[in-house]
Amino acid sequence: MEIFGVNFNFSDNKKLNHQFHSFANQLSVWYNNDIPPKLASQDTRFMLELQKQKFQSLGLDVKVQVGKPAGHDPAPSSISYSDNVFVNSSVAGNKSITTTIRDSQKEIYNKTTDSVICAIMQQPKEGNIPSHDTPLCCPNCGAPSTLGKLESGCEFCNTKFLMDELYPKVMYYSIEEAHKSGTEMNQLLKFMSVSALLILVFGIVSEVVNGRSIGVFDIIPLLFGGAVVGVGVWIFFMFFSTFFHMGKDLRGAGKTASSLQFCRKMRKLDPTFSTEYFRDKSLSLLKLMLYSREPQELTVCQCDKPIPEKLREIVDTTYFNSGVNKYSIKDGVCDVSLTFYMDSIHYHDGNIRKKSDKIRMSLRKVIKKPTDLSFSIIAVTCPQCGASFDAAKVKTCPFCSSSYPVEENDWIITDISL
Ligand SMILES: [Zn+2]
Ligand SMILES: [Zn+2]
């Protein structure tokens, strides 16, 4: 079913859900035993490797444990979007995530949170066979390769794969802190019983002081009255606490209208463009920038200004919201400026601090070609000589030394600030 350009998938997703849980386990194994997640796409692996290199350069040992959530554990939910060949399903499920950070001497951070992992899982559309040159990495040894090569046997480890074994692939993933439910009811009960007890004690004391005797019929109205007062106090408390948190909970909500307008405009120029695709794409570019030790060496980074030091402090980040500030489409080139609302872990002067960050990032793309969901910066084909190489690491083709025009095929970053 398609609503506002988004495919809502209500069919049986047992297989996807199973793979979602496998990916969550593989993430845990990656952070604890260095085994790359088999379900991760090449670009996702690249991002994870960059992050690990950053930890090492800072002298940090970071372990992330992904487990079952403490509270209720509903089945993951999913929605999907597609281009001509692939379907991307965004699968979200609850997990408990424990992050432990140690420096060379001691543990400096340890926190367990109920979180939502959202993984974008890609697979070919039903009845569609993707091209042989579709970039894919070998699930066995991780070497960059293509669908065709992996079906006839990986060049490095010789393992042969069937199409079924190569998909889905997790193109991106994000982690959000889960909103707590059920705690409000507990809070109300607490307020009611505490105030009932206080009023009961106060009532008894005043009766005794006035020299009157106390019967059961004096106690019941006191308890009842106390509970009612408790409800009043709770409503008052809730009003102020929501008011106080409002700034945080509504972060980014004001940008919804401009974001939708941008996406509508882009969809007119490129029917395969979708809001979900752009959110996932921009978030994965942001993570590349944050996790890279030398972001300016990335091919996707074409920022003139130096990267702010504060951004380099970020060692881990979770997504809260994002939105479009402004955009322009001129002569087939789209420039868009975004704001990301992130909850990040900063490491500075040997200390770990959790902060809510507002990160601005500008992106650019030449919008001649429709969106290619399987595009991978780890394996691009040179338009001059046809050779394939890893554009994430080298900006020019190692075979004919012509520079690779990334912005014609994918979004690039032109500015980032905090
Ligand atoms: Zn292999
Ligand atoms: Zn070339």
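I started with β10 and strand β11 (residues 333-348), which pair in the antiparallel sense over 14 bridges. Strands here are DSSP E runs of at least two residues, helices H or I runs of at least four, numbered from the N terminus. Two strands count as paired if DSSP finds at least two bridges between them. I found N321 opposite Y341 in β11.

The model is predicted: local features need pLDDT of at least 70, side-chain atom pairs count only at pLDDT 80 or more, and totals for chains, interfaces and linings use all residues. Residues are numbered from 1 along each chain as its sequence is written.

Next I looked up the whole sheet. Four strands form an open antiparallel sheet, in the order β10-β11-β12-β15. β10 (314-330) and β15 (412-417) are at the edges with a single partner strand each, so one side of each has no neighbour in the sheet.

Then I checked the helices. Helix α7 (residues 256-269) lies across β10 and β11, at about 60° to β10. Angles run from 0 to 180 degrees between N-to-C directions, with axes fitted to C-alpha atoms, for helices over the stretch in contact. Contact means C-beta atoms, placed from the backbone, within 7 Å.

Last, the core. I noted that V300 touches L285, L288, I377, V406, I412 and I413, leaving out residues up to four places away in sequence. V300 is also among the residues with the most contacts inside the largest nonpolar core, which has 72 residues. Such a core joins buried Ala, Val, Leu, Ile, Met, Phe, Trp, Tyr and Cys through C-beta atoms within 7 Å; buried means 20 or more other C-beta atoms within 10 Å of the residue's own.

Technical notes: Chains are lettered from A and ligands numbered from 1 in the order in which they are written. Two residues are in contact if their C-beta atoms, placed from the backbone, lie within 7 Å. A residue is buried if 20 or more other C-beta atoms lie within 10 Å of its own, exposed if 12 or fewer, and partly exposed in between; C-beta atoms are placed from the backbone.
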